[in-house]
Amino acid sequence: MLTVVISWQMYALTHDAFSLGLVGLAEFIPMLLLTLIAGQVADRFERRKIIFICQLIECGVVAMLVISTLGDWIQSYHILIAAAILGASRSFENPTNSAMVPDLVDREELPQAAAWSASAGQTASIVGPSLGGLLLYWGPSTVYFTSIAALLISAFLILSIKAKRTVRKAEAISIDSLLNGLRFVFKRKIILGTISLDLFAVLLGGATALLPIFSEDVLHTGSWGLGLLRTAPAVGALLMSLVLTRYSIQHAIGKYLFSSLAVFGLATVLFAVSKSLALSLFALFLIGASDVVSVVIRSTLVQLNTPQEMQGRVNAVNMLFIGTSNQLGEFESGTMAKLVGPVAATIIGGFGTLVVAVLWMYMFPVLRTLKTFYDSSPELQEKEVRQV
């Protein structure tokens, strides 16, 4: 919900596509600076308390936004400051959230748990903006109040979670310790290929960042149309999530991964060229459905191929890549829209996603030929034997 209300309010204040990109950049910079530290923190301290503190901080930021909105003195720089603080808080919250999953279930249950977690998280990330777009009918303050209520509920519910195991790292925080997550990622081709694929594919294919412009200037539907545009990928994500929790992907993982990216890129192009609200909604439906498939596969691959004591740092690196693709992707979309217009920018992004998918199929053959979620390459098996 915060994603849509912040972008909508920024565009209403500035009427400038580049300003939408600055919001993403403001979120990304603290994430870039703090992510490695956040991963180390997630491996050393109690994870549920980290998430609790982060969500309380986010409540405070949203409270300041709603006060300035109701007082009618909010300015664009207020939104940028809020986005930066939210980005800093999420740089700690997101990798800790992902690292908690192996604390809650046994290893043999992890594939299904990861699928549920990724499906729920992706669905929420799309349903939230959809609901935010609909609630904008009653004004930005309504969205902010609803967000505060949701954050408070989440913050206190997180404390009720009981972990089966808790991992602590006794080593002191140092540069070497902070870089362990990066070293691990770059040594494991399956993980490097997975998270870098997300970085470049989603970086180029982020059509949702420009939805306020499409609803106003292309489809001429206003805020109610923005709500519908946000709802369409939510419906696609919800339906596909239900399918994946009932019929989980167990075989031909690589084929499903690259096929979902192909659908994502083609649907992005279709949305860009559409002049019809109905066709635009259908394209966004496909974007939401295909994105969930890709997210579930990538998340499960990272979880299952990372040792438990490294979950925090590896997930921090993963979140850095995801944050880069999302926040920096918004900056890229806003900048391209400023230079060549929103339609051309989205077309370029859609084809860019297709190009990245083809390149990664050949740069990381382990992903293209992957049949199960476990990396069973001869090099890895030999390494595990030596460790035993």
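For surface patches I take residues with over 30% relative accessible area and no salt bridge, joining like charges within 9 Å and nonpolar side chains (Val, Leu, Ile, Met, Phe, Trp, Tyr) within 5 Å. Accessible areas come from the Shrake-Rupley method with a 1.4 Å probe, and for residues only the protein chains shown count as cover.

The model is predicted: local features need pLDDT of at least 70, side-chain atom pairs count only at pLDDT 80 or more, and totals for chains, interfaces and linings use all residues. Residues are numbered from 1 along each chain as its sequence is written, and side-chain values use heavy atoms, with hydrogens and water left out.

**Overall**

I looked up the secondary structure and found 16 helices and 0 strands; helices (H or I, at least four residues) and strands (E, at least two) are DSSP runs, numbered from the N terminus. I noted that 54% of the 388 residues count as buried, where buried means under 20% relative accessible area, exposed over 50%, and partly exposed in between (1.4 Å probe, protein chains only). The accessible surface of the protein is about 16,700 Å², and carbon and sulfur atoms hold 69% of that surface. I also looked at contacts (heavy atoms within 4.5 Å): among those with a separation of 6 or more, 87% are between residues 24 or more positions apart.

**Nonpolar patch**

I found a nonpolar surface patch of about 470 Å², made by Ile-53, Ile-57, Tyr-77, Ile-81 and Ile-85. Helices H3 (47-70) and H4 (76-104) each supply at least two of the patch residues. H4 gives the most, with 3 residues, while Ile-53 lies in H3.

**Salt bridges**

I searched the whole structure for salt bridges (a side-chain nitrogen of Lys or Arg within 4 Å of a carboxyl oxygen of Asp or Glu) and got 3. Glu-27 pairs with Arg-90, with 3.2 Å between the closest N and O atoms. This pair links distant parts of the chain, as Glu-27 is in helix H2 (residues 17-44) and Arg-90 is in helix H4, 63 residues apart. I checked the cover on Glu-27 and found it buried, at 10% relative accessible area.

Glu-46 meets Arg-48 in a salt bridge at 2.5 Å, N to O. Glu-46 also forms one with Lys-49, where the closest N and O atoms are 3.6 Å apart. Lys-49 is partly exposed at 45% relative accessible area. Through shared partners, the salt bridges join Glu-46, Arg-48 and Lys-49 into one network.

The expected span of a helix is 1.5 Å times one less than its number of residues. I compared the 13 residues of H1 (residues 2-14) with this: they should span 18 Å, and the end C-alpha atoms are 18 Å apart, which agrees. Buried residues of H1 include Val-5, Trp-8 and Tyr-11.

H2 has 28 residues and reaches 41 Å from first C-alpha to last, close to the 40 Å expected. I noted a kink of about 50 degrees in H2, centred on Leu-34; the bend at a residue is the angle between axes fitted to the seven residues ending there and the seven starting there.

**Positive phi**

His-15, in the loop between H1 and H2, has phi near 50 degrees, a positive value in a residue other than glycine. His-15 is exposed, at 61% relative accessibility. In the loop between H3 and H4 I found Asp-72, with a positive phi near 60 degrees. Asp-72 counts as exposed at 68% relative accessibility.
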